[in-house]
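User: I would like to learn how to read the features of a protein model one at a time, with the general idea before the particular case. Could you take me through this one?

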Amino acid sequence: MPLDKPYLDIPGTTIFDAEQARKGYWLNQFCMSLMRPENRQRFKANERAYLDEWAMTEAQKQAVLARDLNAAIAEGGNIYFLAKLGFTDGQSFQQMAASMTGMTEAAYRDMMVAGGRSVAGNRVLAEGRPAPSAREPAPAAATARITASVYTSHVPAVGAAIDQGRTQEPYWQPVFAGYEPSRRWLAAHTPDVVVLVYNDHASAFDLNLIPTFAIATADEFQPADEGWGPRPVPPVRGHPALAAHIAQSVIQSDFDLAIVHRMDVDHGLTVPLSLLCGQPARWPFRVIPFAVNVVHYPVPSGRRCFQLGQAIRRAIESYDEPLSVQVWGTGGMSHQLQGPRAGLINRAWDARFVDRLIADPEDLSRLPHIDYVREAGSEAIELVMWLIARGAMADAAGGPPPTVVHRFYHVPASNTAVGHLILEEQSS
Ligand code: DHB
Ligand code: FE
């Protein structure tokens with residue numbers, strides 16, 4: 001719907017984008033499984049039975065059984081994944097390519113030897129029709145709007161206190177009291193979608209793959225088991241279409257996001273939801289998980305994060321469905337979880353960080369990493385994520401400054417200084 005896809009009218013060509021990837025997730029994962037000899041053996045022994053182990057559609061299974069690669073691509077398959085199926089059959093890329101053209105293998109090879117298929121007559125579906133970029137723009141529709149941004153620490157012990165019914169204990173009571181106004185505010189200003197910027201804490205991403213920025217496009221995300229069992233909270237409902245739109249728009253603004261089709265979400269994402277929503281049977285809005293690497297150096301600069309927030313704003317405002325969207329930035333404030341300096345807290349630095357975040361975030365975004373770490377502890381670097389949410393507000397795009405709805409600070413929760421801020425757009 002809202003994605004601009006100028007590649008849709010190239011004949012005989014399917015571009016593998018986030019939408020296709022979602023459609024073809026299990027088909028492609030099935031293909032990947034054929035990289036193991038024992039799986040190839042089981043597949044060859046009984047193709048239907050092996051396919052039935054996968055959550056594929058019947059159309060996808062039929063395409064595989066018929067070795068109909070065009071049909072498989074239409075069902076979300078990607079050629080590099082499907083090639084594993086071809087290789088299992090002893091086929092080469094050239095044989096697979098030929099099979100999709102309606103030509104015999106020999107005729108296809110001869111065409112390639114003679115210089116390959118000509119681009120003439122193969123550029124657009126109907127030659128002579130204007131190229132997509134030259135078409136009339138669609139009439140302006142009501143688009144999604146950012147209404148507010150929320151900033152909060154995401155200490156796992158806070159989640160445990162909620163889950164275990166200990167929020168009124170003397171240690172925890174002042175922490176949760178600080179979020180009472182926020183819960184009332186959120187109940188009165190429930191968005192359709194929250195873009196929730198957080199960091200994965202070695203839960204979804206292990207050391208094999210560390211994306212700097214990752215946006216998740218799934219329908220649903222389960223709470224991660226971080227070692228003490230998954231938190232007893234509802235699954236998080238995603239917004240695949242808006243997530244795919246943000247991915248496309250932001251990547252086309254030169255920010256290279258990783259796209260995640262499946263992952264579990266850890267305390268970085270679920271604890272902020274619990275703090276602001278309490279313990280509902282289901283979360284009252286959809287969530288687009290947006291993960292930022294702040295665990296493995298180098299981590300992205302504050303400046304890059306602020307500019308990314310600006311790009312996310314442009315993306316949301318170009319989505320042609322009138323959704324109300326909030327952007328949340330999580331983590332921080334002062335904390336150090338490691339080594340002999342663990343427990344470091346710098347109240348003055350935290351207060352100044354929030355003052356500057358409100359009044360002059362662009363200037364704050366120039367603060368180098370070393371200042372966060374030296375002044376507020378090694379894990380305070382999580383605060384760069386707050387700059388993403390702040391960059392998504394109207395004033396970062398030349399609009400009016402936001403209104404401060406609520407500001408809260410408390411030491412300690414576990415090892416951390418809890419910081420919290422809500423900024424609302426003036427027009428909302
Ligand atoms: C703590 C804080 C965090 O932000 C985190 O990710 C893990 C632990 C803490 O204070 O215990
Ligand atoms: Fe954290």
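This is a predicted model: local features need pLDDT of at least 70, side-chain atom pairs count only at pLDDT 80 or more; totals for chains, interfaces and linings use all residues.

User: How many helices and strands does the protein chain have, and what share of its residues counts as buried?

Analyst: The protein chain has 19 helices and 10 strands, and of its 428 residues 49% count as buried. Along the principal axes, its C-alpha atoms fill a box of roughly 75 × 50 × 40 Å. Among the contacts with a sequence separation of 6 or more, 76% are between residues 24 or more positions apart.

User: In what order do the strands of the open sheet lie, and which stand at the edges?

Analyst: In general, strands of a sheet pair through backbone hydrogen bonds, and the pairing is either parallel or antiparallel. Here 8 strands form an open sheet with mixed pairing, in the order β6-β3-β7-β2-β8-β1-β10-β9. The edges are held by β6 (258–260) and β9 (403–413), each of which has a single partner strand, so one side of each is left without a neighbour in the sheet. With direction ignored, neighbouring strands of this sheet are turned by 20° against each other on average.

User: Which strand pairs show the parallel and the antiparallel sense?

Analyst: For the parallel sense, take β1 (residues 145–152) and β8 (residues 324–330), which are joined by 7 bridges; T152 has T330 in β8 as its bridge partner. Helix α16 (residues 347–359) packs on the sheet, where it touches β1, β9 and β10 (416–424), and its direction makes about 165° with that of β9. For the antiparallel sense, take β9 and β10, which pair over 8 bridges, with H410 standing opposite V418 in β10.

User: Where do the buried residues of α10 lie around its axis?

Analyst: An α-helix has 3.6 residues a turn, so residues three or four places apart point the same way. In α10, the buried residues are V158, G159, A161 and I162. Viewed down the axis of α10, they fall within an arc of 160°, so they line one face of the helix. Their cover includes α11 (173–177), α14 (267–277) and β9. After α10 comes G165, which has a positive phi near 65°.

User: Which residues have the most contacts inside the largest nonpolar core?

Analyst: Nonpolar side chains in soluble globular proteins tend to be buried together. The largest nonpolar core of this model has 55 residues, and those with the most contacts inside it are I246, V250, F290, L308, I316, F353 and Y372. Helix α15 (residues 302–317) gives the most to this core, with 7 residues. If neighbours within four places in sequence are left aside, L308 is in contact with F213, V250, F255, L257, F290 and I388. Another core, of 40 residues, lies apart from the largest one and has W172, Y179, L196 and A214 among its members.

User: Which peptide bonds are cis, and which residues take a positive phi although they are not glycines?

Analyst: Most residues other than glycine have a negative phi, and most peptide bonds are trans. The peptide bond from Y297 to P298 is cis, with omega near 0°, and P298 has its place in the loop between β7 (286–292) and α15. A cis peptide bond also joins V411 and P412, with omega about 0°; P412 is in strand β9. As for phi, A202 is not a glycine, yet has a positive value of about 55°; A202 lies in the loop between β2 and β3 and counts as exposed, at 67% relative accessibility. S414 takes a positive phi near 60° in the hairpin of β9 and β10, which has 2 residues between the strands, and at 37% relative accessibility S414 counts as partly exposed.

Technical notes. Residues are numbered from 1 along each chain as its sequence is written. Chains are lettered from A and ligands numbered from 1 in the order in which they are written. Side-chain values use heavy atoms; hydrogens and water are left out. Two strands pair if DSSP finds at least two bridges between them. Helices (H or I, at least four residues) and strands (E, at least two) are DSSP runs, numbered from the N terminus. Axes are lines fitted to C-alpha atoms, for helices over the stretch in contact, and angles run from 0 to 180 degrees between N-to-C directions. Contact means heavy atoms within 4.5 Å. A nonpolar core is a set of buried Ala, Val, Leu, Ile, Met, Phe, Trp, Tyr and Cys residues joined through side-chain atoms within 4.5 Å. Buried means under 20% relative accessible area, exposed over 50%, partly exposed in between (1.4 Å probe, protein chains only). The arc is that of the directions from the helix axis to the C-beta atoms.
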